[in-house]
Amino acid sequence: MIKVLFVCIHNSARSQMAEAYLNKMGEGKFIAESAGLEKGHMNPFVVKVMAEEGYDLSNNTCDSVFDFHKEGRKYDLVVKVCDQMNGERCPIFPGTKQTMNWNLQDPSGLDGSDEAKLNRTREIRDQIKEKVTRLIEEFAE
């Protein structure tokens, strides 16, 4: 079983989507968790676009990566889905075999109408799903 941690700024969007996809699509080979550099609140647009694909994130909590680090959690792979600069704030988890940077746009920073935000969040969701699919192909034994 490959244990993966997805990290973003608030654990309210990108990391939550990646965790949901990997736990479902990589079931039996991967266990995913997600956390943020700062605690946030679930992004309502993310909850909505993930529900369109059958994932209920409405009751998810936004966790702190530093709490996970203090608890001594171990991961085979840490994937930073935020920009590189923020990703550098992430603690180093001892024993991690590999760290990846996906550098995805944050749905929380989108401008425009609600419909425009939903459409762009769908695009980010689809990018994450594609990256998770490739991760599974690369690391599945």
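Reader: At what angle do α2 and α5 pack?
Author: This is a predicted model. Two packed helices are described by the angle between their axes and the distance between the axes. For α2 and α5, the axes lie 9 Å apart, and the packing angle is about 60 degrees.

Reader: Are α2 and α5 parallel or oblique to each other?
Author: Angles under 35 degrees count as roughly parallel, and 65 to 115 degrees as roughly perpendicular. The angle between α2 and α5 is about 60 degrees. The two helices, α2 and α5, are therefore oblique.

Reader: Is the crossing of α2 and α5 left-handed or right-handed, and which residues of α5 meet α2?
Author: α2 passes α5 in a right-handed crossing. From α2, the residues in contact are F45, V46, K48, V49 and M50. They meet α5 at D114, K117, L118, T121, R122 and R125.

Reader: How many charged residues does the contact of α2 with α5 have?
Author: The contact includes K48 of α2 and R122 of α5. Sorted by class, the contact of α2 with α5 has 5 nonpolar residues and 1 polar residue, and its charged residues number 5.

Reader: At what angle do the axes of α1 and α5 cross?
Author: The axes of α1 and α5 come within 9 Å. α1 passes α5 in a right-handed crossing. α1 and α5 are therefore oblique to each other, and their axes cross at roughly 45 degrees.

Reader: Which residues make the contact of α1 with α5, and how many of them are nonpolar?
Author: On α1, the contact is made by R14, M17, A18, Y21, L22 and M25. On α5, it is made by I124, R125, I128, K129, V132, T133, L135 and I136. By class, this contact of α1 with α5 has 3 charged residues and 1 polar residue, and the nonpolar residues number 10.

Reader: What covers the buried residues of α1?
Author: Of the 12 residues of α1, 9 are buried, so the helix is largely enclosed by the rest of the structure. The buried residues are R14, S15, Q16, M17, A18, E19, A20, Y21 and L22. Their cover includes β1, β2, α2 and α5.

Reader: What does α5 pack against with its buried residues?
Author: Helix α5 covers residues 114-139 and reaches 37 Å from its first C-alpha to its last, close to the expected 38 Å. The buried residues of α5 are L118, T121, R122, I124, R125, I128, V132, L135, I136 and F139. They pack against β1 (2-8), α1 (14-25), β2 (30-36), α2 (44-51), β3 (77-80) and β4 (98-101).

Reader: What is the relative accessible area of N11, and is N11 buried or exposed?
Author: N11 is found in the loop between β1 and α1. Its phi is near 55 degrees, a positive value in a residue other than glycine. Buried means under 20% relative accessible area. N11 is buried, at 0%.

Reader: Where does N103 lie?
Author: Phi of N103 is near 50 degrees, which is positive in a residue other than glycine. N103 lies in the loop between β4 and α5.

Reader: What separates the C-alpha atoms of H69 and I92?
Author: The place of H69 is in helix α3, residues 65-70. H69 is partly exposed, with a relative accessible area of 32%. H69 and I92 are 23 residues apart along the chain, and their C-alpha atoms are separated by 8.1 Å.

Notes: Residues numbered from 1 in each chain as written. Predicted model: local features only at pLDDT ≥ 70, side-chain atom pairs only at ≥ 80, totals over all residues. Heavy atoms only, no water. Helix = DSSP H or I, 4+ residues; strand = E, 2+ residues; numbered from the N terminus. Expected span 1.5 Å × (residues − 1). Buried < 20%, exposed > 50% of the residue type's maximum accessible area, 1.4 Å probe, protein only. Contact = heavy atoms within 4.5 Å. Axes fitted to C-alpha atoms, helices over the stretch in contact; angles between N-to-C directions. Parallel < 35°, antiparallel > 145°, perpendicular 65-115°, else oblique. Left-handed = near helix turned anticlockwise from the far one by under 90°. Nonpolar A, V, L, I, M, F, W, Y, C, P; charged D, E, K, R; others polar.
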